[in-house]
Amino acid sequence: MIIFDSNETKFEGNGLGTIPEATDAQAVEELNGGDEISFKIPITAKHFQDLKLMRYILCTPSYGRNPQAYRIYKISKPINGICTVNGEHISYRLNKIPLMPFSASNASDAMAGSETHSFESPFHFHTELGTQATYKQTSPSTVRKQLGGVEGSILDVYGGQYEWDMFDVYLRKRRGTDKGITIEYGKNLTDLTQEESIEAT
């Protein structure tokens, strides 16, 4: 894991420093949803003082993915000298980038329009879908909201599965491959835990 400042754009070299002391690192990516990381780090770590809100952590979140940048949005108070750090994928910046109204007749034009009709965006948009359907945005919005999250969004109109790779956004027909494997209890599933919570009530 490498720390980069909040204004970083190239993510090359060792940035502000590496944090080999990080433990319990987890990366959670939901299909067409969230993409976040978390890890624990002792306050005695060499570069602990460089971990600040809005700075980035560059890491490889899972097998087969390129290194990704995650913006730090939460640092917990130390418990027994250990802090928990949470970060969200750099693509969350699309929540703050305005997108002006436009329309498109197919998935390719809709993704291209997301780039040409956004303000000062470092992101690039790609798709392999050839779906023909009308997408129409009638009022200013944000890029990520129009990609998916509201009725009539690009995802809503054309379907598919998003892949986030640093500053590149891909709308795929399908991510990954079907390995033909099924999960069966007692065979390749050895334990199952169900949790109940009223936290969101």
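Trainee: What makes the largest nonpolar core, with its 29 residues, a core?

Mentor: A nonpolar core is a set of buried Ala, Val, Leu, Ile, Met, Phe, Trp, Tyr and Cys residues joined through side-chain atoms within 4.5 Å. Buried means under 20% relative accessible area, with a 1.4 Å probe and protein chains only. This set has 29 residues; Phe11, Leu94, Leu147, Ile154 and Val169 touch the most other members. The elements giving two or more residues to this core include β1, β5, α1 (107-116) and β14 (168-172). The largest share, three residues, comes from α1.

Trainee: What are these values based on?

Mentor: This is a predicted model: local features need pLDDT of at least 70, side-chain atom pairs count only at pLDDT 80 or more, and totals for chains, interfaces and linings use all residues. Residues are numbered from 1 along each chain as its sequence is written, and side-chain values use heavy atoms, leaving out hydrogens and water.

Trainee: Which residues does Leu147 touch?

Mentor: Contact means heavy atoms within 4.5 Å. Not counting residues up to four places away in sequence, Leu147 touches Leu94, Met111, Ser114, Phe125, Ser153, Ile154, Leu155, Tyr162, Trp164 and Val169. Apart from this core lies another, of 14 residues, among them Phe39, Ile41, Leu51 and Tyr70.

Trainee: Why are β1 and β5 called paired strands?

Mentor: Strands are DSSP runs of E, at least two residues; helices are runs of H or I, at least four; both are numbered from the N terminus. Two strands pair if DSSP finds at least two bridges between them. Strand β1 (residues 2-4) and β5 have three bridges, in the antiparallel sense, so they pair. Phe4 has Tyr56 of β5 as its bridge partner. On to β6 (residues 68-75): four antiparallel bridges join this strand to β5, and Leu58 stands opposite Ala69.

Trainee: What makes β2 and β3 edge strands?

Mentor: The open sheet has seven strands, in the order β2-β1-β5-β6-β7-β4-β3, with antiparallel pairing. β2 (17-18) and β3 (23-29) each pair on one side only. As for β5 (residues 56-59), both faces are covered: Tyr56 and Leu58 on one side, Ile57 and Cys59 on the other, are all buried.

Trainee: Why is Asn80 called exposed?

Mentor: Exposed means over 50% relative accessible area, and partly exposed lies in between. Asn80 has 78%, so it counts as exposed. Asn80 lies in the loop between β6 and β7 (82-89).
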